[in-house]
Amino acid sequence: MADYKCSVTYSSKNLTNREKILAKDTGNAVKLDELLNPGEKVVITPDYYVVLSVHNERSDTKDYEQYMIIDKSGNKYYTGSPSFWESFTDISEEMGDEEFSIECYKMESKNYKGKHFLTCSIV
């Protein structure tokens with residue numbers, strides 16, 4: 001088995017082979033968790049999004065999911081944050097085929113003092 005394998009397990013649209021390859025490549029994507037500090041926000045207008053299934057032998061957690069959003073300009077943003085993904089998919093499902101933008105930010109955790117989690121809201 002390969003040390004690292006990434007595959008698209010869900011996509012919000014039918015992808016061409018080129019789009020699948022682009023979506024699996026996190027090397028040139030922005031990691032939302034590192035981009036945002038508490039109090040900062042970034043606005044993204046999604047074109048499409050995918051769920052990636054990752055197997056990485058060199059990681060403490062060998063199998064995990066990552067979530068990639070590709071915006072209208074081709075910029076790619078990804079995260080492994082379940083709280084972000086839950087908020088994002090709630091918005092996306094409600095919006096259907098309508099274009100929308102989201103504001104991504106970190107909120108302070110009510111359960112863990114001094115910790116923050118990633119989430120988003122529609123704008």
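Across which strands does helix α3 lie? In this predicted model, α3 lies across β4, β5 and β6, and its direction makes about 145 degrees with that of β4. The tour below begins with the sheet that holds these strands.

**First stop: the five-stranded sheet**

Select strands β1, β4, β5, β6 and β2. They form an open sheet of five strands in the order β1-β4-β5-β6-β2, and the pairing is mixed. β1 (4-11) and β2 stand at the edges; each has a single partner strand, so one side of each is left without a neighbour in the sheet.

Next, select β4 and β5. These two strands pair in the antiparallel sense over nine bridges, and a hairpin of six residues joins β4 to β5. As a landmark for this pairing, find V51, which stands opposite Y67 in β5.

Continue to β5 (residues 63-71) and β6, which run antiparallel and are joined by four bridges. Several facing residues can be selected along this pairing. Y67 stands opposite T79 in β6, I69 stands opposite Y77 in β6, and I70 stands opposite K76 in β6. The hairpin of β5 and β6 has four residues between the strands, and G74 in this hairpin takes a positive phi near 90 degrees.

β2 and β6 pair in the parallel sense over two bridges, with V30 opposite Y77 in β6.

**Second stop: the side chains of β6**

Display the side chains of residues 76-79. In a regular strand the side chains alternate between the two faces of the sheet. Here K76 and Y78 point one way from β6, while Y77 and T79 point the other way. Are these four residues buried or exposed? K76, Y77, Y78 and T79 are all buried.

Select residues 17-24, which make up helix α1. This helix lies across β1, β4, β5 and β6, and α1 runs at about 120 degrees to β1.

Now select β3, β7 and β8. They make an open sheet of three strands in the order β3-β7-β8, with antiparallel pairing. The edge strands are β3 (41-44) and β8 (116-122), each of which pairs on one side only. Direction ignored, neighbouring strands of this sheet are turned by 30 degrees against each other on average.

Within this sheet, four bridges link β3 and β7 (residues 102-108) in the antiparallel sense.

Which residues have the most contacts inside the largest nonpolar core? Select L32, I69, F84, W85, F88, I102 and C104, which have the most contacts inside this core of 19 residues. The elements that give two or more residues to the core are β3, β4 (46-56), β5, α3, β7 and β8. Its largest share, five residues, comes from α3. Another core lies apart from it and has 11 residues, among them C6, A23, I70 and Y78.

Return to L32 and display its surroundings. Leaving aside its neighbours within four places in sequence, L32 is in contact with V42, I44, Y77, Y78, T79, F84, C104 and L118.

The tour ends at the largest pocket, which has a volume of about 290 Å³. Which residues lie nearest the centre of this pocket? Select D47, G96, D97, E98 and F100, which lie nearest the centre among the 14 residues of the lining. With four residues, β4 gives the most to the lining of the largest pocket.

Methods:
Residues numbered from 1 in each chain as written. Predicted model: local features only at pLDDT ≥ 70, side-chain atom pairs only at ≥ 80, totals over all residues. Heavy atoms only, no water. Buried < 20%, exposed > 50% of the residue type's maximum accessible area, 1.4 Å probe, protein only. Pairing = 2+ DSSP bridges. Axes fitted to C-alpha atoms, helices over the stretch in contact; angles between N-to-C directions. Core = buried A, V, L, I, M, F, W, Y, C linked by side-chain atoms within 4.5 Å. Contact = heavy atoms within 4.5 Å. 1 Å grid on protein atoms, 1.4 Å probe; cavity = no way out; pocket = protein on both sides within 12 Å on 5 of 7 lines; lining within 4 Å. Points joined across faces, edges and corners; volume = space filled by probe spheres on them.
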